[in-house]
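This briefing covers one chain of the structure shown below.

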Amino acid sequence: MENIYCPSLLKIQDLTWETPDTTSFRLTFNDNSEREEFFSLYKVGQFGEFSAFGHGESTFCVASPPTRKDYIECTFRAVGRNTKALQALNEGDTIGFRGPYGNSFPIDDWKGKNILFIAGGIALPPLRAVILNVLDRRSEFADVTIVYGARTVSDLVYKMELQEWEARNDVNIVTTVDPGGETEDWTGKIGFVPTVLDEVAPSNENTIALICGPPIMIKFTFPVLDKLGFSKNQIFTTLENRMKCGLGKCGRCNVGGTYVCKDGPVFRADVLAELPAEY
Amino acid sequence: MVISEADTTKIVNSLRVRAKELLESGEVKVIIGYGEGYTKGKAVPVFITDPGKTDQLIFDARCVNNLSMYLKHAEIKAMGKVGIVAKGCDARAINVLILESQFKREDIFILGVVCEGVGDPIEEQCKSCVANTPPVYDELFGEPIENQGWNDETFAKIEELESMTQSELWNFWVKEFDRCIKCYACREACPMCTCTRCITDKNQPQWVPTSPHSDGNYHWNLTRAFHLVGRCVGCNSCERACPMDIPLSLVNWKLIKAVHDEYEFIAGMDAETAPPLATYTEGEETDFIK
Amino acid sequence: MALSIHSDDFQTLLDSLREAGYRCVGPARDGTITKFKPIEQAGDLFLDEILTTVSPKEFFLAEHEAILSYRMKGKSDIELTTPSKEEYAPPTLVFGCRPCDAAGPDIVKSVMTWDYDDRFFLDRADSTVIAAIACVEADEACFCTSVELAPDSQTGADILLIPSSNSTGDTQEYSVTAITEKGRKLIDSTKGWKDGNPERASAIDEVKSNLKPSFDPAKVREWLDNGFDHEWWNTATLSCIGCGTCTYTCPTCHCFDIVDEGGQSEGVRVKNWDSCMMSLFTLHTSGHNPRPLKSNRFRQRIMHKFKYYPDLFERILCTGCGRCQRHCPVDMALKGLLEQIGRLAAETPDQVAAG
Amino acid sequence: MAEFHPKTFAFLCNWCTYTGADLAGTSRMLYPADFRVIKVPCTGRIDMEFIIKAFEQGADGVWVSGCHIGDCHYNTGNYYAQRRWTIFRQELAFLGIDLRRLKFTWISAAEGRKFADEAAEFVNRITQLGPYNEFQSILPENREVESILGGVS
């Protein structure tokens, strides 16, 4: 019988420092059949368990889309023991990975719709997979709008990609930093994400909104979306709870009777509203 | 002097009356005391907020738990001023907690009860009670009696162990600790375990292995006892809570005695004297440091 | 053909088990507690207690086990090894547990096969035979009859021994029923079993009739459906001290932790028992805790056992063994709490119906 | 059979004993070097966990040394340390740890000779005692313990 706790081995092909404490890995599978198996299953929004051996496992969303099948990417902030150990690794080093786990964003249902992404700080990575997936299949969707904010300019992740997206004429991107977090050469907006979203005022017509960010941002963004006429079944988000197995066995990530690792991490806002506040 | 049954009834009755007054006047928001347990013959902690329900309160030899551990719970702190029924060991624990700034003296109302010892048969540590009459209270229930004081019997098992060779002791403890399942009931039942994040729950680095293997168990039990040096009031809560019957009190009492022998200190007798490992006196000498 | 076994023949059974390649684990003394330990001598079996201190759960869900070992030659050359079934799941007979303990692994199996198969549990379940002994005694913590089990239920057992009225002092005769093929095979390949159908001890039926269900799990589940935010949780859980005793001694609690133990060159990834009663269980690295209060955690435990698990698998995650009450430092009786919930459910029928 | 070299740790206070070790070195004094020095700011900084962790990493002996009483760079650190070790040693003894494997000294920055002598005494003693098999027998098999030298935060 297969050992469901045994990870695949992935090599760090590329390492990018996003912020002083946040790193992105581009990872390649050591075993090609494992890569093929992964991509036969992987849908955008799913997560995995990433491990530095000797330190443990951490749950991150896969930050690259299923349309890019040579590698997977992840972005994480070094906070705990394992993430610190992962961050201490270099290009060429090997890590462990289990996944893909959980459900996904139903983007096939969104063909022909406008897509609005709202993200704060380190919460862009889970949405980045969707953004890239949508951009890789650009013709299938209508308008794409991205509202992304961070506390300071240096806290913005994917700075290179933000510029690329800005350069495209088929993406409407608005970046913002909290007041006081700007630099002299900052050309984006200054203000909190909910406020900026209010200014941008995207239409709710035929639009799907994806939102991911710190609880405080989410809390103040929902009323804005409401004001803009978005109903809860147009809004999607992705949850994180402490996990160990990712497989529905270890018993800690559930929100009420809903398992984030199996029924999530992606939730539509109206479904989420029905859940108890255990996340 | 032995407390008669009539006196016990008197104590319980006056406790109920006073508790009722305290709740009615709003001076305290909750009374923590003992009531009848679900299991026949067991007394359990009760939390009374309704002045009409103070008749639940009981006090007798079944009231073994050290209630002061609840004073550190967020749920209790959120309720407002607490009235607490305190035996000598509970009151001593309260003294230590006040000394360590866990809460202020004025945040609690102590209903001290004179206690001859708990358990049937009487628990070993009660035979060496140094606080049959609580050292701190707002109001005392029962006539003060003379403290038992340390009894040789309490230390007999410790002396027996100390007469063993180092290897025998090692084997004894490894075997005892091997039963540990890392449920941390010892920690949670202890009034003195106040860390918001226990050292065993810290993993950068992982000081205490969390696994319940021989090493993890030995390390945990060693650390637990050492963190109680000069703080442990010897109430036996940890050992009583241990589902695997590990004789934790032996280690605690060994250290209680060591602290007393070295520094003439007994924890919790007042809320002012600094515990021995948090202070020093000049001119102290040791023979093991060369 | 009816079978029996006499306690005088336990040694014969033990010897033949060894020959047949089985290890036998049974209730034995360990200091002042009783637990399931490897048994070589029939005299070491301690069958007099209503229930052992800990359940035989550890022979299915190890208290602590390696699920993976790693060796690193440098940071890029890593070798992973999964322990072999032979290492962690030797053929085993769990002898003399109570029907409530026998039911444990059977119930837990649902989650261990939920979309993904946990080989460590399943391999052990596969190579383990459970011979349960029906109860002739119960105490006030017992409530198997409230959770669809009984002092002589066959759930999860491969072999059921029913004490007979034929006992003298320390010896006891049992009638034997092979419930599963696995049980039948074990009986066929070992000695000590005899033909015969001794009369069932009347005490079993007395226990059964005295142990009336004290709550209705269906009603409890109905109340829990809407009771998540009920204030009852706050008051009922005040005395909980937040230790993990109830979960660690429970035959169905299966939540675990995964940690790495080791250094730069070699080490193991281990699975340890964990407990929803501890605040660290759900604590995010950010410091945020979805279940910050003990009432939240206690609710999770009851919800998991009597609502979430039944919702998912149509099984109650509880066998009514009562260990959580017996070992609770503050006598938080699960049975009593469920009775309270049962009463709350009865008080608020309209609310429940209205949903 | 290869000569046994014990694995030992020496927790040395930065201001006195570590400087004393420097002096022993610069004075070209000879002493056996079978110990790994871990420099700590003060003996008062040495948590009892350090010692257990050292044994957990397979140490055969642990040596703790700092300023003489009254000479502490922080005035009082070693007073606290002294009290802590007084009780801790008794606990270790009660729990069956071999106290011969633990050594405590006060060595000042000027006592290079004493450092060399005590180091020799320590290493010789532990060498004679041999590997601390008793403690190592409870360590899990096949795993190297997390390094005490890295990851401390």
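Contact here means heavy atoms within 4.5 Å, and helices (H or I, at least four residues) and strands (E, at least two) are DSSP runs numbered from the N terminus. The model is predicted: local features need pLDDT of at least 70, side-chain atom pairs count only at pLDDT 80 or more, and totals for chains, interfaces and linings use all residues. Residues are numbered from 1 along each chain as its sequence is written, chains are lettered from A and ligands numbered from 1 in the order in which they are written, and side-chain values use heavy atoms, with hydrogens and water left out.

**Overall form of chain C**

- Chain C has 13 helices and 12 strands.
- Its radius of gyration is 22 Å, close to the 20 Å of the globule rule for 355 residues, so chain C is as compact as a globular protein of that length. The radius is taken over C-alpha atoms, and the rule is 2.2 Å times the number of residues to the power 0.38.
- The C-alpha trace of chain C spans about 65 × 60 × 40 Å along its principal axes.
- Of the 355 residues in chain C, 63% are buried (under 20% relative accessible area, 1.4 Å probe, protein chains only).
- Of the contacts in chain C between residues at least 6 apart in sequence, 73% join residues at least 24 apart.

**Helix α4(C)**

- Eight of the nine residues of α4(C) (residues 119-127) are buried, so this helix is largely enclosed by the rest of the structure.
- Among the buried residues are C:Phe120, C:Phe121 and C:Leu122, as well as C:Arg119, C:Asp123 and C:Arg124.
- The buried residues of α4(C) pack against β4 (64-73), α2 (85-88), β6 (92-97), α3 (99-112), β7 (128-133) and α5 (181-189) of chain C.

**Packing of helix α7(C)**

- α7(C) (residues 217-226) packs with α12(C) (residues 334-347) at about 70°, their axes 9 Å apart. Axes are lines fitted to C-alpha atoms, for helices over the stretch in contact, and angles run from 0 to 180 degrees between N-to-C directions.
- The two helices are therefore roughly perpendicular (65 to 115 degrees).
- C:Lys219, C:Val220, C:Trp223 and C:Leu224 of α7(C) meet C:Leu338, C:Ile341, C:Gly342, C:Leu344 and C:Ala345 of α12(C).
- α7(C) packs with α10(C) (residues 294-313) at about 95°, with axes 10 Å apart; these helices are therefore roughly perpendicular too.
- On the α7(C) side, that contact is made by C:Val220, C:Arg221, C:Leu224 and C:Asp225. Residues from α10(C) include C:Ile302, C:Met303 and C:Phe306.

How values were computed. Parallel < 35°, antiparallel > 145°, perpendicular 65-115°, else oblique. Buried < 20%, exposed > 50% of the residue type's maximum accessible area, 1.4 Å probe, protein only.
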